[in-house]
Structure formats: C-alpha cells, structure tokens
Amino acid sequence: MSSAPLLEVRGLNAWYGESHVLHGVDLDIREGETVTLLGRNGAGKTTTLRAIMGILRRREGVIRLRGKDLLGLPLHKVAQSGLGYVPEERGIFASLNVSENLMLPPTVSEGGMSVEEIYSLFPNLHERRSSQGTKLSGGEQQMLAIARVLRTGARIILLDEPTEGLAPVIVQRIGDVLVALKKRGMTILLVEQNFRFAKKVADRFYLMEDGRMVNSFPGHELDARMDELHEVLGV
Amino acid sequence: MSTIFGIPAPALYGQILIGLINGSFYAMLSLGLAVIFGLLRVINFAHGAQYMLGAFAAYLLLSWLGIGYWPALILAPLIVGAIAVVIEKTMLSRLYGVDPLYGLLLTFGLALILEGAFRYWFGAAGQPYSPPPQLTGAVNLGFMFMPIYRGWVVIASLVICLGTWLLIEKTRLGAYLRAATENATLVQAFGVNVPLLLTLTYGLGAALAGLAGVLAAPIYQVSPLMGSNLIIIVFAVVVVGGMGSILGAIVTGYVLGVLEGLTKVFYPEASSIVIFVIMAIVLLVRPAGLFGREE
C-alpha cells in the first residue's frame with residue numbers, strides 16, 4: 001500500500017455561503033480501495049463528496065486525481081477526469097425514462113461497463129427500461145443511480161448513502177453489487193451510516209466530526225473500535 | 001350558399017384558415033419561448049424582436065445581396081441564432097443564479113433597442129416581401145380557395161414543431177436538455193458542458209423565432225414592430241399551455257389560433273381579447289397551465 005494515492009485531498013476547506021463547513025479535510029484513496037466516511041448527520045460527509053465533485057464551488061485546499069489538480073476545473077471537467085457521482089437524493093430524472101437516465105452521463109474513458117453488462121447486473125432495470133425514471137421503486141432508483149456511472153468508465157465512484165431508507169433485501173443486493181465492483185478493481189468513496197453494510201465492503205474508514213477528519217483506521221478494526229464509534233456517532 | 005350555424009361556410013373556412021396561420025406563428029414562437037424558459041428560466045422578451053430580425057434578415061438578404069426566399073429560410077435563422085449566441089455569452093449568462101426578473105429586464109431592454117434601431121433605419125411602415133414564385137397563386141380545395149403560400153406556412157410550421165419536439169424528446173441532446181431543465185448542476189456534475197448547452201438552447205430558441213419571421217415576411221409586412229404586436233399574444237399562449245411545456249406550447253398555439261379565428265366569425269367584438277380571457281380562466285382553474293406540471 002505504498003503506491004501514491006489515486007485521489008488525494010489535502011487541507012480542504014469549504015463554505016456554504018458564509019458558513020464554513022469543512023475545516024482542513026485530508027483524505028487519500030488508493031487505486032482499487034473502498035473507503036468509507038462515517039460521521040453523524042451534519043458532520044460534513046455529503047459536503048466532502050460535493051466539494052470533491054466541485055458541486056460545492058467555494059473551496060480551498062488541494063484535490064488531486066493522479067496528481068492532477070481538480071480544484072481549478074469547471075464542474076463538467078471533474079467528471080471527465082474520471083469521477084462518477086451517485087448523489088444522496090439519487091438524482092433520477094423524471095422527464096427521462098430508465099434507459100435515457102442510464103445513457104445520460106457521457107462516457108469519460110474506455111473500460112466502462114457495456115449496457116448489456118449493466119442490465120445483467122440489474123435485471124429489473126432492463127425490464128423497466130421504458131418506464132419513467134421516477135416511477136421506479138426507491139431501491140430500483142438507487143440501482144439506476146449506481147448503474148448510470150458504471151457505464152461511463154469513471155475510475156472512482158462517490159456513493160452517498162446508497163442504502164438510506166431501503167429494505168434489507170435491497171441493501172443486500174446493493175452490497176453484492178459493490179463487492180462485484182471491488183472485484184473489478186473499482187475505487188469507491190462511500191458515505192454510509194449503516195455499519196454492517198459498510199463493514200462488508202470498506203477497506204478503510206474515516207471518521208468525521210464537525211467538518212473535520214478526526215480518525216482513520218483499517219476496515220478490520222471496526223469491531224474493536226465500536227465503543228469509540230458509538231461515542232462519536234451517538235448511535 | 002350553404003351556411004353553418006347561420007354563418008356562410010366560406011367565411012367560416014376562411015377564418016379557420018386565418019386562425020390556423022396565426023396559430024402556426026403562435027406555436028412556433030411559443031415553442032421557442034418554452035424551450036428557453038424551460039432550461040434557462042429566462043422569460044425571453046426579446047423573442048418578438050428576434051422574430052422581427054428573422055423577417056428583416058430575409059428582406060435585407062434579398063434587397064442587398066439578391067439572396068432569395070429559400071436560402072433565406074436557412075440563413076436568416078442562422079443569423080438570428082448567431083446574434084442570440086453572442087447575447088447569451090456576453091450578457092444573459094451573467095444573470096443566471098440571480099432573480100429571473102433581471103433576465104426579463106435585459107431581454108425587454110434588448111427588444112426595445114432592436115426595435116428602436118430598425119425603426120430608425122427603416123421607418124415604422126412595413127416593407128413588402130414577395131413569396132417565392134413556386135408558392136404564389138391559390139389552389140381550389142373544393143370548399144374554398146386557399147393561397148398556396150398560406151398552406152405552405154401551416155405545413156412548414158407543423159414540420160418545424162414536430163422536428164423540434166422530436167429533437168427534444170427523442171435525441172441524446174434532447175435528453176441532456178430535459179435533464180438539465182430538472183437539475184442542471186447534476187447534469188454538469190456528470191460531465192455535460194451545461195454552459196454550452198444553455199448557449200445553444202438560447203440560440204436554438206431565437207433561431208426558431210427567426211425562422212418564423214422568414215415564414216411571416218410574405219404574409220405580414222416586414223416591419224420593426226411586427227414582433228411586439230405578436231409577442232404579447234404568444235406570452236398568453238405560453239401561460240395557457242404551461243410555462244416550459246413543449247407540447248403544451250405547440251398544441252395551445254394552434255388551438256388558440258383557431259379559436260381566435262372562430263371568434264372573429266361568431267362574435268367579432270371579442271376576437272382581440274378571447275385569448276386573454278382564456279388565459280385568465282386557465283390561470284384561475286389551472287395556474288400551472290393546461291400542460292404544465294405543478295411545481
């Protein structure tokens with residue numbers, strides 16, 4: 001694990017208007033790694049993803065992908081450098097059908113999944129490909145939101161609470177999908193409140209509190225640190 | 001002579017045809033307004049001036065360069081679209097993210113400047129523009145005589161509206177446009193160059209107005225105020241159809257055009273206000289418009 005990080009975040013500060021929401025966040029993700037951000041609601045996990053993607057524009061610090069600066073890029077260039085974003089609210093478009101939603105994000109590099117592969121991974125989406133995107137169930141919408149960035153050849157996917165509000169059987173399905181993606185060598189930055197889910201896929205954890213990174217530890221230490229985590233997360 | 005509801009049939013057919021022709025222009029213009037409003041959230045008050053520019057472009061291409069109707073049908077919308085692209089890049093794009101009222105004020109100001117400039121150069125009187133020789137004359141439909149050029153306008157506008165609708169509903173570019181109308185930030189976060197999409201959309205909307213202007217030149221005279229006379233009605237059409245609704249703009253354009261024509265037959269006194277009365281009723285009963293989605 002001595003290789004240079006694929007994605008490197010150093011001293012990231014960010015603001016929503018006047019309010020200073022990220023305070024010097026540091027984060028490294030190596031190629032093929034799955035890293036999970038833990039923290040209470042409002043700790044800055046979603047904000048970190050939005051700041052990395054460039055959706056949150058008022059930022060300072062360093063964000064580098066393979067050593068290339070992302071901070072100065074216009075929003076659409078960030079995805080083109082290989083980041084795929086799966087937002088917390090899923091962002092399925094009501095005026096597009098399932099297949100149009102799937103095809104919407106432009107290809108950013110070679111090596112993305114083909115539409116056939118995606119439909120074999122998510123058979124429900126194939127069945128419902130002509131339905132309006134927002135007519136899908138919550139779980140199907142989440143799968144569509146994930147499937148959408150797999151087609152583009154993005155090297156890192158930023159997944160914001162993919163299991164939120166979903167039935168256990170769907171959570172299980174999404175976990176299987178993430179494991180399959182890891183096997184394919186996909187790099188994943190995951191925001192997740194569900195420990196059991198995160199434990200199954202995460203190589204490393206970062207713990208956030210009040211817009212700061214307060215700790216980081218490898219995935220196998222999760223159980224040993226449960227008491228500490230309960231204290232910080234208040235769960 | 002045969003009558004329908006006590007009205008001589010030829011008068012009725014004649015007014016329906018006039019209604020269809022007016023409706024063709026309402027549809028083409030409200031379509032462009034709807035496309036622009038949907039994505040840019042700008043109420044494009046310059047739309048009437050862009051329609052006028054299209055007609056003047058055709059007129060000037062002919063009188064200065066001897067370029068006739070058919071090439072003008074392509075060139076004039078390109079010219080108007082190119083001017084709109086410059087306006088969007090240099091001015092309108094600075095107003096995204098602030099109160100939409102600013103976009104309205106800017107485009108309203110631009111309309112006044114354009115119309116004022118053309119009045120200064122060409123006077124308020126209209127300039128004649130002849131239809132191309134292939135489309136002159138009239139054809140006997142059995143129940144009425146129809147000037148060929150007017151039939152052409154109705155057909156051309158149907159093709160233009162259908163083509164635009166297909167572009168938006170069935171192509172990849174259209175999918176970007178629809179998605180960006182819902183959530184532009186997310187579409188851009190996926191790697192779509194949304195600022196460019198906004199520029200092209202404004203250019204497309206204005207080019208549609210310019211195209212309508214060329215089609216209108218042989219029917220109405222080419223005059224600096226031809227757009228401002230029409231644009232208020234077109235805004236009413238957009239409100240009735242539902243702001244931002246593509247299909248709503250098209251269908252409402254034709255339907256209100258014909259309704260206005262019929263009113264001229266049955267109760268002429270009301271013909272100039274019927275569209276606004278319908279608008280008021282629609283606003284009371286369905287504020288989002290007939291085809292609009294409640295937000």
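**Exercise 1. In this predicted model, determine how β9(A) and β10(A) run relative to each other and how many bridges join them.**

Solution. Step 1: β9(A) and β10(A) run antiparallel, and 6 bridges join them. Step 3: the two strands form a hairpin, with 2 residues between them.

**Exercise 2. Describe the backbone and the exposure of A:D210.**

Solution. Step 1: locate the residue. A:D210 lies in the loop between β9 (204-209) and β10 (212-218) of chain A. Step 2: consider the backbone angle. Most residues other than glycine have a negative phi. A:D210 is not a glycine, yet its phi is positive, at about 50 degrees. Step 3: judge the exposure. A residue counts as buried at 20 or more C-beta neighbours within 10 Å and as exposed at 12 or fewer. A:D210 has 13 C-beta neighbours inside 10 Å and is therefore partly exposed.

**Exercise 3. Decide whether A:G39 is buried or exposed, and list its contacts beyond four places in sequence.**

Solution. Step 1: A:G39 belongs to strand β3 (residues 34-39) of chain A. Step 2: because 23 other C-beta atoms lie within 10 Å, A:G39 is buried. Step 3: leaving aside neighbours within four places in sequence, A:G39 is in contact with A:G44, A:K45, A:L207, A:M208, A:E209 and A:L233. Step 4: for a distance along the chain, take A:F93, which is 54 residues from A:G39; the C-alpha atoms of the two are separated by 29 Å.

**Exercise 4. Characterise the side of chain B that touches chain A.**

Solution. Step 1: count the residues. On chain B, 15 residues are in contact with 18 residues of chain A. Step 2: find the main contributor. Helix α6 (residues 172-189) of chain B gives the most to this side, with 10 residues.

How values were computed
Residues are numbered from 1 along each chain as its sequence is written. Chains are lettered from A and ligands numbered from 1 in the order in which they are written. This is a predicted model: local features need pLDDT of at least 70, side-chain atom pairs count only at pLDDT 80 or more; totals for chains, interfaces and linings use all residues. Two residues are in contact if their C-beta atoms, placed from the backbone, lie within 7 Å. Helices (H or I, at least four residues) and strands (E, at least two) are DSSP runs, numbered from the N terminus. Two strands pair if DSSP finds at least two bridges between them.
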